[in-house]
Amino acid sequence: PEPELPVAEIYLANLKSSIPWTMKLAHIDRLCESVHENPDEAFHIAMHLSNILSVSEHLPVRERAGEALVEVSATLSVDQRNEIMIDLLRELETGQNEISGYIPPYLGRLVCSVPEKEMDEGIDYLQALIRAANPRAARAALTTLAVILSIYTAENAARTDAVAERV
């Protein structure tokens, strides 16, 4: 087995294309463990996971980064979750399938984890993407809204109706 890297070195290693994707999966797991050991690092780790979700070349790495991001976000303050949510919303805006195509399942879950005011702001942003001239961004926004609605359908029918009426 490889020696365990310090978290600071994991950040750099995960951005290198020469690191095998299987090692990146192990790094993501190590980062999640690190959040429990050092809660003060949670936001920095969450931002790193968001970046990996957006740019990794390998689908399993993106998927694990997205799952880890949702897991780590539970330890963040509302402001920190909101900041990550806004960053991911902006990634959707690019309309680049290789970026925005993988974000909606995780972004939808993040949107559902913030208070109603911030959630409404996220939904407003998604609505604007749907109405914009970029069909790829609109598709990503619709997919994200579908995730939000599926979560709320399972948990809160009244909120689902309110969200559905807005879009």
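This is a predicted model: local features need pLDDT of at least 70, side-chain atom pairs count only at pLDDT 80 or more; totals for chains, interfaces and linings use all residues.
Buried, here, means under 20% relative accessible area. Keep that cut-off in mind.

Cysteines to start. Cys 32 has 4% relative accessibility, so it counts as buried. Cys 112 comes out at 16%, and it therefore counts as buried too.

Next, helix H3. It covers residues 42–55, which makes 14 residues. At 1.5 Å a residue, H3 should span 20 Å.

Which residues of H3 are buried? Here is the list: Ala 42, Ile 45, Ala 46, His 48, Leu 49, Ser 50, Ile 52, Leu 53 and Ser 54. And what covers them? The cover includes helix H1 (7–14), helix H2 (21–37) and helix H4 (59–73). It also includes helix H5 (78–93), helix H6 (97–100) and helix H7 (104–111).

Two of those helices also pack against each other. H4 and H7 have their axes 9 Å apart, at an angle of about 5 degrees. Angles under 35 degrees count as roughly parallel, and H4 and H7 are therefore roughly parallel to each other. On the H4 side, the contact is made by Glu 63, Gly 66, Glu 67, Leu 69, Val 70 and Ser 73. On the H7 side, Tyr 106, Arg 109 and Leu 110 take part. By class, this contact of H4 with H7 has four nonpolar, two polar and three charged residues.

Technical notes: Residues are numbered from 1 along each chain as its sequence is written. Side-chain values use heavy atoms; hydrogens and water are left out. Helices (H or I, at least four residues) and strands (E, at least two) are DSSP runs, numbered from the N terminus. The expected span of a helix is 1.5 Å times one less than its number of residues. Buried means under 20% relative accessible area, exposed over 50%, partly exposed in between (1.4 Å probe, protein chains only). Contact means heavy atoms within 4.5 Å. Axes are lines fitted to C-alpha atoms, for helices over the stretch in contact, and angles run from 0 to 180 degrees between N-to-C directions. Angles under 35 degrees count as roughly parallel, over 145 as roughly antiparallel, 65 to 115 as roughly perpendicular and the rest as oblique. Ala, Val, Leu, Ile, Met, Phe, Trp, Tyr, Cys and Pro count as nonpolar, Asp, Glu, Lys and Arg as charged, and the others, Gly among them, as polar.
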